[in-house]
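Biologist: Could you walk me through one part of this model in some detail? I have the sequence and the structure open beside me.

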Amino acid sequence: MALRVFGLNIIKNNRNILQNVGKTNGVPTNQGAAAALYATQVTVEAAPAAVQKQKVSKAMKSYLKRANEHDEFMKTQHLEFQIGKRHLANMMGADAETFTQEDINEAISYLFPSGLYDKKARPTMRTPDEVFPARKAAEFDETGRPFHSMFYTAKPNFFQLLHDIVEETNKLNDLEERMLRRGNKPDENQKLETAGFQLLPKEHLERVLVEQIADIEYQNFSNSMERLIASPYAYKSKAFIERFLKPLIDQSKQLEVPKPKIDEQGRQYITTYECLRKTARADVTVRLPGTGKITINGQDISYFSVEQSKEQLLFPLHFCDMLGKVDVEANVEGGGTSGQAGAIRWGIAMSLRSFVDQEMIESMRLAGLLTRDYRRRERKKFGQEGARRKYTWKKR
Amino acid sequence: MRVPTAVYAARGRQAQNEKDVPFQEILPLRLKNTVSGKADSGSDVACLQEMGVLFACLKDNEFVEKYCHKEISQFKNCYKFYMDRKLEAKKTVNQGIVTPGNNLNYKQLNKYLRRFPNPV
Amino acid sequence: MSVYPQHFVDPIINKSLQKEKAHELSHIPIKPALNVSTDSIFYGELKQKFTNYILKEGNSALARELLTKTFEIIKRTQIERLHLAKGDKGSIITDAETLLINAIENTRPLLHLSAIKRGGVKYQVPIPLTEKKSYFLAMKWILEAAREKERKVSLPEKLAWEILDAACGQGRVVKRKDDLHRLCESNRAYAHYRWS
Amino acid sequence: MFRNQLGNLSRVSSQLQRISRVELMSTEVQPAESANSVINEFRTAVTSPGEHSALQLAKFYKIPAEEKKQIFAGGGLPKQYEQQIKTFTEACLMVRQPALELLNYIKNADLSKPAVRYVIYGDNGVGKTLTMAHVLHYGSLNDFLLVHVPWAPNWTKRPKESTNSSTQEGFIDLPFDAAAWLVHFKTQNAKLLQKLQLKTSKEYVWSKRESTPAGATLVELIEHGIARIKYATETTAALISELKLLSTGGQCKVLVAIDGFNAFFHPITRIFSDNKQLVTPDRITLTQPFLDITKYDWTNGICVLSVDKIAMTEGYMDSYMPRYLLGKTGFEHLDPFVPVHVTNYTDKEFLSCINYYMDRHWITKTQPGFEEQLKFMSNHNPYTLMQIVRGL
């Protein structure tokens with residue numbers, strides 16, 4: 001019995017050590033909204049060294065060995081990071097103590113400038129906790145008994161999450177039952193706003209739960225979440241739902257609208273450079289108080305003999321009712337007629353954005369005028385006549 | 001009321017003796033873990049009735065469509081409704097996704113039967 | 001438009017249609033508008049589809065020119081009829097595009113026959129048509145009728161005559177549709193063989 | 001007031017230099033048009049070109065059917081315009097600024113001075129031929145003898161039949177084209193020739209047995225040319241030299257109108273001579289008379305010529321200016337000439353043209369803002385507008 005009591009408090013102090021350590025570390029990913037509300041704590045600390053030599057199970061022994069190696073590794077990483085930070089501070093001539101993470105980022109982007117498009121691909125120097133993936137803490141005490149009741153499902157966090165969702169759904173259904181019996185309706189203006197949100201994507205959820213999930217399991221998760229969100233009293237458990245909704249970027253506010261400049265005759269003008277379509281490249285200038293004149297490479301609209309291309313230039317202007325009110329100058333080179341016409345159309349649409357109100361910009365976006373057309377000619381493959389066409393089959 | 005085997009003894013053959021011919025379980029004496037889908041599908045021939053009405057109307061108007069607009073629109077709507085329902089079923093029911101409250105088709109049933117199989 | 005990921009949505013050119021879907025699409029990226037579609041008076045949904053069916057070997061400028069000539073011939077004949085018509089001048093439509101649409105409406109079949117093998121025998125079973133397929137068949141028949149011409153007759157001319165005939169309900173294409181309906185009616189008995 | 005304004009203009013036109021063009025700027029307000037002459041904002045009832053003025057600018061006037069038949073039977077209006085006339089069941093011409101300018105020059109020209117040459121030039125499809133048609137209509141109403149070549153490149157590009165000329169050595173003869181032109185000339189000037197009873201001044205010997213005596217009337221000369229196609233070209237030469245003598249003698253007024261005049265100065269034509277070489281225009285017998293009638297050695301006549309980019313495009317013509325199209329010889333031949341520039345539609349003309357099309361049921365799609373779209377697509381060019389509107 002003593003052993004049990006003794007074992008218990010080891011587990012207790014083991015757990016509260018794990019808990020408070022877990023809190024300080026917190027969940028590594030910054031945008032992940034999951035706090036440490038789970039039954040199993042996510043932490044990287046090993047069990048305290050003060051554990052006496054008890055009858056320790058084999059699983060616990062191997063876990064302890066792995067945990068210790070991980071600790072050594074993390075400790076050295078932390079040390080190197082500190083030394084690196086000090087060196088960087090000296091290099092940049094700043095005070096090492098007050099050298100924050102932002103200063104590190106600026107220094108690195110200054111010392112290692114990189115034109116890579118993807119920000120994540122550029123050189124960075126971040127704390128080891130962010131760089132190395134979080135590892136699960138001890139899921140069982142030293143006698144080998146798991147802490148979590150769903151340990152043997154191999155994904156305790158995930159199935160705990162499903163359990164919580166169903167619990168919430170049942171709670172809301174009972175509430176709805178009671179409300180119906182009392183005859184009052186759910187509150188309309190508190191209704192959960194889901195248009196601008198999307199469920200956490202799979203890899204994101206895996207990072208939050210620190211467990212690998214199968215596709216079918218993710219499918220179950222999204223089905224049950226949708227049923228929870230669909231219930232009329234969903235706003236009651238708004239806090240719980242919010243944790244698994246990822247805000248979508250609002251498309252209409254996506255690109256900021258440039259301010260029009262003034263030219264020598266005092267007319268407002270906007271020049272859009274690098275308007276691309278297929279292999280054509282155009283610079284389009286739109287001047288506001290104009291008479292509807294259009295010049296392409298110095299010629300008027302008859303530069304395009306094909307009627308369809310002329311119509312393409314007409315489309316954005318007519319769509320925003322700016323036909324007779326705007327002058328357009330475009331110089332375009334490369335590509336064919338439809339490529340050049342597409343480039344100029346895109347240029348005109350992008351330049352018109354600063355002359356029309358926000359609501360018209362949104363309807364232009366819905367009409368597909370503001371999206372850049374990435375389609376390129378499909379490459380020719382060896383063993384085929386063209387991209388798709390095969391050689392004629394010859395019998396002999 | 002079950003008739004005891006001894007009654008038939010007088011008329012001839014004796015029942016087999018268990019010890020000489022041990023019972024062999026050729027086919028498994030338990031239910032399968034799946035339900036067959038044959039009964040569900042049936043011949044989903046849609047709008048047969050509307051088609052008949054349409055043909056009748058066309059026949060007596062010598063195939064001039066002006067006179068049987070009503071039948072034509074009925075026939076079109078029926079077919080459109082049928083195709084929509086088929087498409088919607090393709091996405092949800094046939095994937096086995098259960099919508100609580102209505103009876104299940106064989107795919108949804110099989111999903112649960114697979115989770116709780118018969119003991120061997 | 002295979003370049004764009006799954007969640008991109010097709011553009012909506014018509015402004016009234018946009019208003020309905022504006023709210024739900026505000027967060028979803030939109031594919032670029034095709035370089036054929038505009039909202040000007042020269043563009044019609046059905047007209048564009050018909051041009052695509054006329055198109056041969058990717059020469060869309062020629063296809064469009066042929067359709068313009070067809071519309072021109074249709075307009076000339078209708079205006080001449082207008083001047084000759086004594087009484088009801090209102091009933092004669094001179095807009096070629098509405099005439100094309102009427103022609104297609106008149107020649108759209110309701111069902112078609114498809115061969116289904118039952119017990120080693122191929123039965124011609126009448127099957128209803130989806131809307132898209134019926135539009136396609138109507139336009140294809142009109143074009144086929146127009147292409148069965150002697151060499152000295154130009155395609156726009158013959159196409160114009162076909163469209164005018166079909167628009168007022170007579171002509172070869174309408175007859176072809178009626179024959180199909182008669183055939184379906186005669187095979188009415190096999191209707192329940194579908195999807196055996 | 002109207003009278004004296006005409007007076008000072010004629011003084012100006014008499015000492016007219018080569019390039020100076022007088023813009024007809026009616027400074028004072030003209031008397032408002034009389035009520036019956038305005039049908040609506042795009043038509044006018046004033047059918048005789050003589051009275052057209054700035055008031056009828058950008059308005060359509062109707063040419064009576066028989067006049068149209070008489071003047072334009074042998075050609076003079078573009079083929080597509082003829083088809084449009086048949087569909088619209090009326091022949092209408094729009095009154096435009098260059099035509100008014102030309103009419104103004106002709107009205108005030110001092111016929112005693114040597115013949116003045118006017119050259120109409122402009123981009124493709126802006127209306128040069130229709131401007132010339134307008135002038136021709138004026139000429140036929142004011143009893144000018146019309147020497148009209150509907151489309152000169154027809155002779156050099158697609159001759160009906162070309163044989164070697166019997167009289168001049170190494171020249172090419174176009175008998176059928178010459179005969180056709182004589183028929184055209186006869187139909188155009190039938191009434192006038194009847195009235196004037198012009199006589200030939202000298203005797204013409206065609207062959208041993210045939211000859212036209214000195215005092216024969218021009219009509220007989222033309223009849224002979226049409227009957228004996230072999231001598232058609234010589235008869236045209238004779239006819240034109242006679243006309244020059246008669247007009248300098250003051251017996252008749254002559255209006256020469258040649259469309260696509262720069263075809264005569266193009267380096268090559270499409271006719272092959274016997275030794276399989278491309279013939280140059282000046283070696284064609286038919287061009288000779290039309291070249292010397294456009295000289296300034298005769299009076300009591302007016303020459304209206306037009307140069308066109310599409311007249312002889314073996315290669316790509318990069319500008320529509322007369323000096324470039326006529327080439328060096330052509331330019332010196334026509335040296336003191338008055339250029340008349342024909343431009344695209346102005347906004348007013350554009351709108352009246354669209355209203356006319358709508359009135360004739362030719363445009364059926366009239367959603368709001370369609371004029372702006374048409375203006376954008378056609379870029380104010382009359383020909384492109386006609387091409388675009390076909391499909392609407």
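Biologist: Is the crossing of H3(C) and H6(C) right-handed or left-handed?

Modeller: Happy to take a close look with you, keeping in mind that this is a predicted model. The crossing of H3(C) and H6(C) is right-handed. To find the pair in chain C, look for helix H3 at residues 60-84 and helix H6 at residues 155-167. Their axes come within 8 Å and cross at roughly 55°.

UniProt, in an unreviewed entry, places the feature "domain: Small ribosomal subunit protein uS7" at residues 35-188 of chain C. Over residues 35-188, chain C is 60% helix and 10% strand, and the end C-alpha atoms are 46 Å apart.

Chain C also has a neighbour to look at: 12 of its residues are in contact with 14 residues of chain B. Helix H7 of chain C, residues 172-186, gives the largest share of the side that touches chain B, with four residues. That side of chain C divides into four nonpolar, three polar and five charged residues.

Definitions and conventions: Residues are numbered from 1 along each chain as its sequence is written. Chains are lettered from A and ligands numbered from 1 in the order in which they are written. This is a predicted model: local features need pLDDT of at least 70, side-chain atom pairs count only at pLDDT 80 or more; totals for chains, interfaces and linings use all residues. Axes are lines fitted to C-alpha atoms, for helices over the stretch in contact, and angles run from 0 to 180 degrees between N-to-C directions. Helices (H or I, at least four residues) and strands (E, at least two) are DSSP runs, numbered from the N terminus. A crossing is left-handed if the near helix is turned anticlockwise from the far one by less than a right angle, and right-handed if clockwise. Two residues are in contact if their C-beta atoms, placed from the backbone, lie within 7 Å. Ala, Val, Leu, Ile, Met, Phe, Trp, Tyr, Cys and Pro count as nonpolar, Asp, Glu, Lys and Arg as charged, and the others, Gly among them, as polar. UniProt positions are given in the numbering used here, feature names are shortened, and annotations may be inferred rather than shown by experiment.
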